[in-house]
Amino acid sequence: MTDHTTSAAHWSAPLASSPVDATVTVPGSKSVTNRGLVLAALSSEPGWLRRPLRSRDTLLMAEALRAMGVHIEETVSSSSASAGPGAGATSAAAGAGEAWRVIPAGLSGPATVDVGNAGTVMRFLPPVAALADGDIRFDGDPRSYERPLHGVIDALRALGARIDDEKRGALPMTVHGSGSLTGGTVEIDASSSSQFVSALLLSGPRFNQGVEVRHVGGRLPSMPHIRMTVDMLRLAGAQVDAPEDGGERDTWRVTPGALLGRDLTVEPDLSNAQPFLAAALVTGGRVTIPDWPKHTTQPGDALRRIFTEMGATCELDERGLTLKGNGRVRGIDVDLSEVGELTPGIAAVAALAESESVLRGVAHLRLHETDRLAALTKEINGLGGDVTETEDGLRIRPRTLHGGVFHTYDDHRLATAGALLGLVVPDVQVENIATTGKTLPDFPALWSGMLGQPVGERA
Ligand SMILES: O=C(O)C1=C[C@@H](OP(=O)(O)O)[C@@H](O)[C@H](O)C1
Ligand SMILES: C=C(OP(=O)(O)O)C(=O)O
């Protein structure tokens, strides 16, 4: 966690005056949208992405692919957020009917890619760049220089790519694409990010020999995200052998072959549904998220189990997922390795619980948007909490919290965690709420809408 002193305006988190009762339509999944864009760009024919997420991370992905020659046509509605038909009903930017048409073209440089602080862009695109004809320069936010990338760089070199990485294993760097990549078998240590594996698999069908990726090293985090990669590759026509099909442990094989243009509708982002569901849990209210998929590889689906253990009841039916709270929140002892991106939101709920929580298996969060373990500890304790960092997670003990500034370190999930605390703790000021735009466009309006407040009243 770097010391953060930007003077971005503070946002007065609205306090819930009564139990939340709302239906909240959340925008599309970041992880599905960015995989969908990459696969469509590598296809042999045009495809559609319907209800894509339009947020900083996905717009950076689209812009980067355009810079390499891909055509992406957008149908965008005029308003970015609107209050729903009644108090407490609200919908988001990526409304139904919006779509991106992706028309692949010969990938070429020279081009520059701004990765921002998007793990999916900085990891998924270097293999794409290796397939381009020309130099592709990668740069991004200062934090992107600190996030691990060595697994992708070393693997691409082993598979035949030429890369100049001035800082060795990190951004900024230039991939000298030669129009094709040999491919083959490669060993990587992906214990710092599952995105290393996903990155190599996504472009694998286009490598001359395909790719076999073997993870060697500590525990691989975020396995559902790797399953998402495998599922989406198969949907696009790729042949993939994965460990869950009885294959070798920690080994994936992608056969070379053409990818097909698809018409894909993006699921709502279940991890971004988290603050809204948590709002129902901590206020003893009720929130429904429409279009919650019956089957999904998104890690956010684990919220049904985790929040139930923390005291909620969850019901999945034709209206979507409805979570009800009863006004009491239990602590939890849980391994979050598979669903690391849910940690900030769970930590915020745990800080409001009646009993102790232990969150385990998430040491790799120290290398996310910020050092999330240090940031959560400092900020929750800054509001009077009792959080200690463990080797691989957090221990959170019940304490009565008070108001104050909740710093967010350019981390969207820190910002939504602060908003949640401010729902029940008076006078919480969240620093730089706009950072939520990394994956969740216009969060303040969605939050106000959930509370039945006129949009923008508190923003
Ligand atoms: O592939 C993906 O879409 C993601 C994988 C995970 O990354 P890590 O394995 O680096 O945690 C997750 O935390 C991130 O938000 C999205
Ligand atoms: C870790 C996250 O993002 P990224 O895709 O930048 O890794 C996240 O969204 O929680």
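In this predicted model, 28 residues of domain 1 are in contact with 32 residues of domain 2. Domain 1 covers 10-26 + 268-450, and domain 2 covers 30-265. Ligand 1 has a shell that draws at least three residues from each of these domains.

**Domains and their interface**

- The centres of domain 1 and domain 2, taken over C-alpha atoms, are separated by 27 Å.
- On the side of domain 1 that touches domain 2, strand E2 (21-24) and helix H13 (443-450) are the elements that give two or more residues.
- The residues on this side of domain 1 divide into 11 nonpolar, 10 polar and 7 charged.

**Ligand 1**

- Ligand 1 is surrounded by 13 residues, and the closest are Ser31, Ser193, Ser194, Ser222 and His225.
- By class, the shell around ligand 1 holds 11 polar residues, 1 nonpolar residue and 1 charged residue.
- Two helices, H3 (119-130) and H6 (195-203), each supply at least two residues of the shell around ligand 1.

**Nonpolar cores**

- The largest nonpolar core has 73 residues, of which Met68, Val128, Leu201 and Leu233 touch the most other members.
- Helix H3 gives the most to this core, with 7 residues.
- A second, separate core is made of 72 residues, including Trp11, Leu270, Leu376 and Leu440.
- In soluble globular proteins, nonpolar side chains tend to be buried together.
- With neighbours within four places in sequence left aside, Leu233 is in contact with Leu39, Leu201, Leu202, Ala238, Val240 and Val254.

**Arg50**

- Arg50 is found in strand E3, which spans residues 47-50.
- Leaving aside neighbours within four places in sequence, the contacts of Arg50 are Ala99, Leu264, Thr265 and Val266.
- From Arg50 to Val349 the separation is 299 residues in sequence, and 33 Å in space from C-alpha to C-alpha.

How values were computed:
Residues numbered from 1 in each chain as written. Chains lettered and ligands numbered in written order. Predicted model: local features only at pLDDT ≥ 70, side-chain atom pairs only at ≥ 80, totals over all residues. Near = placed C-beta within 6 Å. Helix = DSSP H or I, 4+ residues; strand = E, 2+ residues; numbered from the N terminus. Nonpolar A, V, L, I, M, F, W, Y, C, P; charged D, E, K, R; others polar. Domains from an automatic or database assignment. Core = buried A, V, L, I, M, F, W, Y, C linked by C-beta atoms within 7 Å. Buried ≥ 20, exposed ≤ 12 C-beta atoms within 10 Å, placed from the backbone. Contact = placed C-beta atoms within 7 Å.
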